[in-house]
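Dear colleague,

Please find below the sequence and the structure that I am handing over to you. My findings follow directly after them.

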Amino acid sequence: MTTTNNPNGANPAQLDAAELMGRDELEALQLSRLRHTLAWAYDRVPLYKLKFDGAGVQPSDLRELGDLAKFPYTTKEDLRREYPFGMFAVPQSEVVRIHASSGTTGRPTVVGYTKNDLTMWASLVARSMRASGVRPGMLVHNAYGYGLFTGGLGAHYGAEALGTTVIPMSGGQTEKQIQLILDFEPDAIMCTPTYLLTIMDAMAHQGIDPRATSLKFAVCGAEPWTEEMRQELETGMGLDACDIYGLSEVMGPGVAGECVETKDGNHVWEDHFIPEIIDPFDHATVLPDGEKGELVFTSLTKEALPIIRYRTQDLSCLLPGTARPAMRRMARISGRSDDMIILRGVNMFPSQIEEIALRIPALSPHFQLELTRPGRLDELTIHIEPRENTTAADRAAAAANLVAQVKAHIGSSCTVDVVEPGTLARSNGKLRRIYDNRPKP
Ligand code: DLL
């Protein structure tokens, strides 16, 4: 959509003080909060003491923000090793809530929050929602999954903190979701982008015009998505769809949020988190703004789980602020370093396929990537649904086009298998795109 339901963005009078700060003021705040956080982590979490001592740095070595680069990284493995509560900086009696990452293999990573942490988290989700166009008094349908996943409860308390009325629907039960959307007439929906697509398609199948519902705003995140997917959802549902980013180890949703008036990527809420971009391969050196690499976050205000230079494995780059000039933006996540497909030496991400496929009119956003090794070489098959009402000739031409575009833009050969509409698994939350059927080493 070229116009938004909210062309002027938030009224400055409603913004948080930090959203209106100049860069110097923001950096002064960051420095004092960072000093406190480093000392808090070092004094209270044995692993941080061990790591800082091992690297020969003390919290007092931080004189300016650039000194953060002297401190060691924290990884998912560190959190796993300290499973379940070894990273907590406060006694368990002060931890009010626990969440955990789903983790496809091994132990989940466990995170905890004090009362103050929960208040801060809710305020940042509220800030992100407001940036995306949601306003106090609106009705918000929350279809992020409730439970150990931070999406459901994170969005829920953010919506309450903003002053909206929240419908705690959780994920799944698509027919019921649709019924409640029609009956309750919410203004906004919060869910993963692929689940919004599931809802949109299911509406169309029931003969309901997805553009005719009450929904005006969508706040979508928890998985990578592309500008092409935004177009698909906005055009298909007649709403403004903005991004929201976060991860449980750093907090949950609301580490960064997108402004509806610019729709140009998430602003990192830098009064609470310092982002860095590092080269994930080359000894993890810090890269300048504008260069692409792995996102790293340091928390500035968290009590139960202070996180120092956490390697997210998410690939992005830092860009100057726009709608919130002092806060830097992060470019859309192109993928996770552990989601990268290496096919005969060529690196690629599912989001690149999404981008290319959605530019071909006869193809739908429903696809799966299957990796096999029939002989000595890896092969990629893209199983993809065509749009409905396409002819066999349209589908064959679209398949050939996709093969050619993947070769031209990514540099890899692939096979395209155009399946019948409605036959691939639909998203219920975070969608799995890659099916790796290669023999295990
Ligand atoms: O997915 C938190 C969240 C919930 C964010 C709801 C937004 C909305 P985790 O389950 O720990 O937490 O997964 C974190 O999901 O490292 C990214 O790889 C991915 N991710 C999250 N938001 C985005 C986004 C939540 N906007 C992991 N774009 C992260 C791309 C995202 N990837």
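Strands, in the sense used here, are DSSP runs of type E with at least two residues, and helices are runs of H or I with at least four; both are numbered from the N terminus. Please note that this is a predicted model. With that definition in place, C220 belongs to strand β6, which covers residues 217-221.

Is C220 buried or exposed? A residue is called buried when its relative accessible area is under 20%. The relative accessible area of C220 is 0%, so this residue is buried. Its C-alpha atom is separated by 12 Å from that of R332, although C220 and R332 stand 112 residues apart along the chain.

The ligand site

A polar backbone atom of I244 is 2.7 Å from a nitrogen atom of the ligand. For A222, a backbone N or O atom lies 3.1 Å from a ligand nitrogen. In the case of P224, the distance between a polar backbone atom and a nitrogen atom of the ligand is 3.4 Å. As to the surface of the ligand, it exposes 610 Å² when taken alone, and the protein buries 94% of that area.

The cavity

How many cavities of 30 Å³ or more are there? The count comes to 1. The space in the largest cavity is about 100 Å³. Its lining consists of 14 residues, and H366, A425, S427, L431 and R433 lie nearest the centre. Two or more lining residues come from each of α7 (193-205) and β18 (363-372). Strand β18 gives the most to this lining, with 4 residues. By class, the lining divides into 6 nonpolar, 5 polar and 3 charged residues.

Backbone geometry

Most residues other than glycine have a negative phi, and most peptide bonds are trans.

- The peptide bond from Y83 to P84 is cis, and its omega is near -5 degrees. P84 is located in the loop that runs between α3 (76-81) and β1 (97-100).
- E185 is not a glycine, yet its phi is positive, at about 55 degrees. This residue sits in the loop between α6 (174-184) and β5 (188-191). With a relative accessible area of 52%, E185 is exposed, because the cut-off for that word is over 50%.
- Q313, likewise a residue other than glycine, has a positive phi near 70 degrees. Its place is in strand β12, residues 310-316. The relative accessible area of Q313 is 26%, so this residue is partly exposed.

With kind regards

Technical notes: Residues numbered from 1 in each chain as written. Predicted model: local features only at pLDDT ≥ 70, side-chain atom pairs only at ≥ 80, totals over all residues. Heavy atoms only, no water. Polar contact = N/O pair within 3.5 Å; in protein donor to acceptor, adjacent residues only side chain to side chain. Areas by Shrake-Rupley, 256 points an atom, 1.4 Å probe, with all protein chains shown as cover. Buried < 20%, exposed > 50% of the residue type's maximum accessible area, 1.4 Å probe, protein only. 1 Å grid on protein atoms, 1.4 Å probe; cavity = no way out; pocket = protein on both sides within 12 Å on 5 of 7 lines; lining within 4 Å. Points joined across faces, edges and corners; volume = space filled by probe spheres on them. Nonpolar A, V, L, I, M, F, W, Y, C, P; charged D, E, K, R; others polar.
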